[in-house]
Amino acid sequence: MTRTGGGALTLSEDDRGPGARRIGRLVALLLVVALGVGGWVGVRRAIDSFTPAQCEVRASGQSFTWAPDQASNTAVITAIAIRRGLPPRAATIAIATAIQESKVRNITYGDRDSVGLFQQRPSQGWGTVEQIMNPEYSSNAFYDALIKVPDWQNADIAHAAQEVQRSADGTAYAQHEGKARVTASVLAGYSPAGIGCRLEAPATAGSASAVADLISQDHGLTARVEGDTVVLDAQTSEQAWAVGAWGVARAIDTGVVRVSVGDQQWSRSRSGSALTWHSADSTGSATRVVLALR
């Protein structure tokens with residue numbers, strides 16, 4: 001940076017690439033950290049420390065990212081659809097709607113008296129504020145309205161969502177279809193090992209009995225508690241992977257640190273490896289799901 005005769009500051013050539021300069025400073029910092037903790041391991045740790053917690057869903061050659069709280073909410077939305085015997089299409093419509101209405105966050109504010117994942121209004125008969133702020137309740141309320149829409153299974157997402165929501169711009173829901181479809185496919189168990197989350201270690205150990213209760217609440221399934229683990233013997237591969245994906249997506253709330261489905265395992269970490277599943281020793285059934293709290 002140089003100063004002109006009149007006192008004004010002007011940028012030199014080296015100053016005209018702020019992005020490049022920031023990258024350069026970051027690289028220098030990473031190298032310093034690497035020297036302190038040793039080689040490539042140090043570089044990896046430094047990179048991980050700069051990367052925010054996030055979840056990723058993958059299916060059909062597509063991938064999308066979610067913040068952990070958003071992933072947890074999509075898991076609830078999808079689990080309730082499965083519990084009601086609805087096809088993944090219902091969860092796709094619901095997730096696309098929630099993206100548009102709240103960014104899939106359980107917010108306490110909105111237009112007029114709208115609150116929650118779907119911005120449902122107590123004054124329009126959706127329930128009390130306390131009820132709507134419960135993701136399980138609000139998801140059920142959404143599906144109660146959706147299944148009353150004629151031919152909703154075959155209608156385009158924008159039309160089906162608008163029939164439920166009656167928003168100012170009903171066309172906006174369609175733009176979220178791709179992300180919603182991939183997410184619903186993964187969380188409904190049709191795209192095995194399709195979700196991973198980079199998360200900090202939980203501040204305190206979670207409760208296995210609380211996780212088992214939550215599986216019952218969301219999926220309507222009975223899991224057994226074995227010490228610090230929760231075990232579910234699913235009836236089908238899709239059900240096993242639905243519960244396994246749910247376990248990863250809701251780990252931010254439950255404190256789950258490992259999820260196994262058959263011989264595949266996800267381990268909680270801030271490392272990039274936490275976005276994928278890995279082979280693990282297993283003598284159990286291919287449809288056995290294990291959620292570990294320690």
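**Figure 1. Helix α4 in the predicted model.** This view of a predicted model shows helix α4, which covers residues 88–102 and contains 15 residues. From its first C-alpha to its last, α4 reaches 21 Å, close to the 21 Å expected at 1.5 Å a residue. The helix is mostly covered, since 11 of its 15 residues are buried. Among them are Ala-90, Ala-91, Thr-92, Ile-93 and Ala-94. The buried group also includes Ile-95, Ala-96, Thr-97, Ala-98, Ile-99 and Ser-102. Just after the helix, Lys-103 takes a positive phi of about 60°.

**Figure 2. The surroundings of α4.** Which elements pack against the buried residues of α4? They are strand β4 (62–66) and the helices α3 (68–83), α6 (135–146), α7 (157–165) and α8 (177–187). An α-helix has 3.6 residues a turn, so residues three or four places apart point the same way.

**Figure 3. The largest nonpolar core.** This core contains 74 residues. Within the core, Ile-77, Tyr-143, Leu-146, Val-230 and Trp-266 touch the most other members. Helix α4 gives the most to this core, with eight residues. In the protein as a whole, buried residues make up 46% of the 294 residues.

**Figure 4. The contacts of Val-230.** Residues up to four places away in sequence are not counted in this view. Val-230 touches Ala-208, Val-211, Ala-212 and Ile-215, and also Ala-223 and Arg-224. Further contacts of Val-230 are with Val-289, Val-290, Leu-291 and Leu-293. Val-230 is also one of the residues that touch the most other members of the largest nonpolar core.

**Figure 5. The three-stranded open sheet.** The strands follow the order β4-β3-β5, and the pairing is antiparallel. Strands β4 and β5 (195–198) stand at the edges with a single partner strand each, so one side of each is left without a neighbour in the sheet. From one strand to the next, the twist averages 20°. Strand β3 (residues 54–59) pairs with β4 over five bridges in the antiparallel sense. Cys-55 stands opposite Trp-66, which belongs to β4. Helix α3 lies across β3 and β4 and runs at about 110° to β4.

Figure 6. Strand β8 (residues 258–261) pairs with strand β9 (residues 264–267) in the antiparallel sense, over four bridges. Ser-260 has Gln-265 of β9 as its bridge partner, while the partner of Val-261 is Gln-264. Two residues lie between the strands of this hairpin, and Gly-262 takes a positive phi near 60°. Strand β9 is also joined by two bridges to strand β10 (residues 278–279), and these strands run antiparallel. Gln-264 stands opposite Ser-279 in β10.

**Figure 7. Glu-238 in helix α10.** Helix α10 covers residues 237–249 and contains Glu-238. Is Glu-238 buried, partly exposed or exposed? Its relative accessible area is 36%. Partly exposed residues lie between the limits of under 20% for buried and over 50% for exposed, and Glu-238 is therefore partly exposed. When its neighbours within four places in sequence are left aside, Glu-238 is in contact with Ala-188, Gly-189 and Tyr-190. Glu-238 and Ala-188 are 50 residues apart in sequence, and their C-alpha atoms are 7.0 Å apart in space.

**Figure 8. The protein as a whole.** The secondary structure comes to 11 helices and 11 strands. Among contacts between residues at least 6 apart in sequence, 61% join residues at least 24 apart. The accessible surface comes to about 14300 Å², and 52% of it belongs to carbon and sulfur atoms.

Key
Residues are numbered from 1 along each chain as its sequence is written. This is a predicted model: local features need pLDDT of at least 70, side-chain atom pairs count only at pLDDT 80 or more; totals for chains, interfaces and linings use all residues. Side-chain values use heavy atoms; hydrogens and water are left out. The expected span of a helix is 1.5 Å times one less than its number of residues. Buried means under 20% relative accessible area, exposed over 50%, partly exposed in between (1.4 Å probe, protein chains only). Contact means heavy atoms within 4.5 Å. Two strands pair if DSSP finds at least two bridges between them. A nonpolar core is a set of buried Ala, Val, Leu, Ile, Met, Phe, Trp, Tyr and Cys residues joined through side-chain atoms within 4.5 Å. Accessible areas come from the Shrake-Rupley method with a 1.4 Å probe; for residues, only the protein chains shown count as cover. Axes are lines fitted to C-alpha atoms, for helices over the stretch in contact, and angles run from 0 to 180 degrees between N-to-C directions.
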